[in-house]
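Biologist: I am new to this structure. Could you walk me through the model, one topic at a time?
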Number of protein chains: 2
Amino acid sequence: MRSLLLPIAALLSSSSLAAPPADLGYELVEGLTTEVGQRLAGTEAEARARAWAVSRLRSLGFANVRIEPFDMPVWVRGAETAEVIAPFPQKLVLAALGNSGATPEAGLTAEVVGFPSLDALKAAPDARVRGKIVFVWHRMTATQDGSSYGYFGAVRRSGPSVASKKGALAILIRSIGTDHHRVPHTGVQTWSDGAQPIPAAALSVPDADQLERILSRGKPVTIHLVLTPRMTGTHQSGNVIAEVPGRDAGAGVVLIGGHLDSWDLGTGAIDDAAGIAITTAAAKRILDGSKPKRTIRLVWFGAEEPGGFGGDAYARAHDREKHALTAEADFGGDRVWSFRASLADPKGALTAELTNVLGGFGVGPGAGAAHGGTDIGPMVQRGTPVIDLEQDGTRYFDIHHTADDTLDKIDRAQLNQAIDAWSAMLRVVADTDDPLTPLPPREGH
Amino acid sequence: MRSLLLPIAALLSSSSLAAPPADLGYELVEGLTTEVGQRLAGTEAEARARAWAVSRLRSLGFANVRIEPFDMPVWVRGAETAEVIAPFPQKLVLAALGNSGATPEAGLTAEVVGFPSLDALKAAPDARVRGKIVFVWHRMTATQDGSSYGYFGAVRRSGPSVASKKGALAILIRSIGTDHHRVPHTGVQTWSDGAQPIPAAALSVPDADQLERILSRGKPVTIHLVLTPRMTGTHQSGNVIAEVPGRDAGAGVVLIGGHLDSWDLGTGAIDDAAGIAITTAAAKRILDGSKPKRTIRLVWFGAEEPGGFGGDAYARAHDREKHALTAEADFGGDRVWSFRASLADPKGALTAELTNVLGGFGVGPGAGAAHGGTDIGPMVQRGTPVIDLEQDGTRYFDIHHTADDTLDKIDRAQLNQAIDAWSAMLRVVADTDDPLTPLPPREGH
């Protein structure tokens, strides 16, 4: 009896046979954010997230579930405090930017020099900046397509190098965010050639507005700043890969996914557990339907936030394989409102079919080329056709890269609409007769 | 020439002659929150706030501007971190409650036992609680009249004593708040007779929801907690008083105001710079108009947050003076939507006049007795007639006692409506022929 019953019991309890959860997308976000939480790239938390991912993807029945590890330099946050010493003593809330340099352990005290924009900082004579703490208060506004991030985000990406080269002791920026909460927005910045690392941090939006008001009184403003982040050396990260096998190995792979790592302040619900959940739930629907012509390869990329290390590692490992098409979800959990496709034949039957199918979900064709995201960027640059399903970004930068990026920010109805749109798009591109001819290689952007 | 011109120049620059700012209410909130910032009771920051207050009230032309100092015990925040050790390692965001005990410097580690409400904690056998960290996740909901605070706030006010008496090592509560941000809500709690102080803190709402989810997985949950607040001894606080002198010294004083101190996390814009601004701007309109029959006494009370020390000190110093009526603004900066009056003759001409005048601002009569607030509570208990101009509290507990209590939360249009309603009410009660007969003394509430 025992030898007969046990295998049956094991079979019945095998989660690969369990019905998919009715609300798989939300359950993935809930599980990853609750059972792992923050998962900074290259840390043990991200390793736990990979283990969680492998277990979950296998239990969902995906094929070829595996981790492809890679190494990367790891930066970690330390202490971070700021205090106005004069003229109006008070503490300010801030967060170091990725790759920020450190103050001495005891901190540094210096006068603040403020600028309304990165351009104003660039135009300032070095003598105005040297030996001071630079503060740039450029205000970002919310946009549905997220386009304001490119322009206003430049203060974060290159402001620290500009300030350093002018001899600043440190730089504080107004958070690249559109909320009004005391939760600063971190994010990566990289030192340009010749720029010495200096302490670089974002003040929360209310704190930046406060410092701007304090400066407006016209008295010298002195700040005591403590920031002790550090580089911890080279550590392992990895991409987690799972597949829905196709019927035609020669038809090329459809590469989709989001990123598994998050910043360390929140639990990465909208950035990017949501993207992982949307692409995984959509792929699961294909897995549960008729076998597609093309293999769908789902990647939960590692180490996107500090600079796209996972996407680079994927491209190095896989760029000789035939990729039919790629798409990425890394813009939150809200609804898809528009799509763009960059295809060799932009006016062909595939575009018409996508327009028709996506229109059923309220998703209209958008203007301009599709770009993908950081993770699939290297494959897009190599000429892989790409589709962007654009999600509503109106509230994305309220939350992005803050401690507020938590499960409660997920709107289940919108998440499910995005999964519906993704599923429909995937079914079309996995089976289309369009040859999905590669495009000419692109410049990086 | 010099001897003639200088006094004229001094006169022209005298701020007491300057026209009142067009938007005095907002300017007071902006000034106090920017130039002082947080102003925890009994600290040097609150002393700076008093100096700021005296300067501002004198420059506005009020009479008898003075500080009435008093002493009080002072509690200050220390380090505060919490980390889930098992089963899902992650940090949680929290803030110590007023008068919280401290953990050892290195913290304490213990298993968590969760309860859905204060009543459930009370009903639990001591053995379930002893040696553990108690967590109560009772959810507060938003109400326009703020009435949910009384019921749900009991977890904060008395939960720590209940947990301590049952042998808990510490207590964590879900913030008494209605937002979804990583900004915990602090607030005072007092140890009941026989309760040994233990560490007591509020998790932010998303962190409390997270801990509730972690507990729901059914595995033992262990937390490492560091809280190092301390009592710093007896220090000075004070009430700042200013008056609009009346024509009839025998008609009694109309006592109004709000509180100058704030919690230490935000800059106290809605709690209670707004209340100070509303009552001051309204009193300034009376000052600038025809001389009132009754003296209006404006008090910026000290040390309300840790337990109404300013209100108690005021009552001790002034309760032999004749008080005709009192009213307080300590419920944010949003619009007045309702009023209640507790008068000896509730159906007299004064009630009819108030109803008529306030109706012009969209303010209707509400049900029940008026209670005033903490600062004027002792005078209300002694039988002083009282009017409540009830402000909209729908979003008040999103912000209350958090780092998010900052200037950007002030809605100028609503603040000005409140000032209009207060000005109208003050003009009526300052000049009314109603004798404003005292009421019988009340029980404390």
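Modeller: Let me begin with a term: a residue is called buried if 20 or more other C-beta atoms lie within 10 Å of its own, exposed if 12 or fewer, and partly exposed in between, with C-beta atoms placed from the backbone. This is a predicted model, in which local features need pLDDT of at least 70, side-chain atom pairs count only at pLDDT 80 or more, and totals for chains, interfaces and linings use all residues. Residues are numbered from 1 along each chain as its sequence is written, while chains are lettered from A and ligands numbered from 1 in the order in which they are written.
Biologist: Is B:L227 buried or exposed?
Modeller: B:L227 is buried, because 27 other C-beta atoms lie within 10 Å. B:L227 belongs to strand β9 (residues 222-227) of chain B; helices (H or I, at least four residues) and strands (E, at least two) are DSSP runs, numbered from the N terminus.
Biologist: Which residues is B:L227 in contact with, leaving aside its neighbours within four places in sequence?
Modeller: Among them are B:G78, B:E80, B:A96, B:P199 and B:A201. Two residues are in contact if their C-beta atoms, placed from the backbone, lie within 7 Å. The C-alpha atoms of B:L227 and B:E105 are 7.8 Å apart, although 122 residues separate the two along the chain.
Biologist: Now the helices. At what angle do the axes of α9 and α14 of chain B cross?
Modeller: The axes of α9 (residues 269-287) and α14 (residues 412-431) of chain B cross at roughly 50° and come within 8 Å. Axes are lines fitted to C-alpha atoms, for helices over the stretch in contact, and angles run from 0 to 180 degrees between N-to-C directions. The helices α9(B) and α14(B) are therefore oblique to each other; angles under 35 degrees count as roughly parallel, over 145 as roughly antiparallel, 65 to 115 as roughly perpendicular and the rest as oblique.
Biologist: Which residues meet there?
Modeller: Residues of α9(B), including B:A274, B:I278 and B:R285, meet residues of α14(B), including B:L415, B:W422 and B:R427.
Biologist: Next, the two chains. How many residues does the contact take from each?
Modeller: The contact takes 21 residues from chain A and 21 residues from chain B. On the side of chain A that touches chain B, α2 (24-35) and α8 (205-216) each supply at least two residues. The largest share, five residues, comes from α8(A).
Biologist: Why do you say that the copies meet through the same surface?
Modeller: Because 100% of the interface residues of chain A are also interface residues in chain B.
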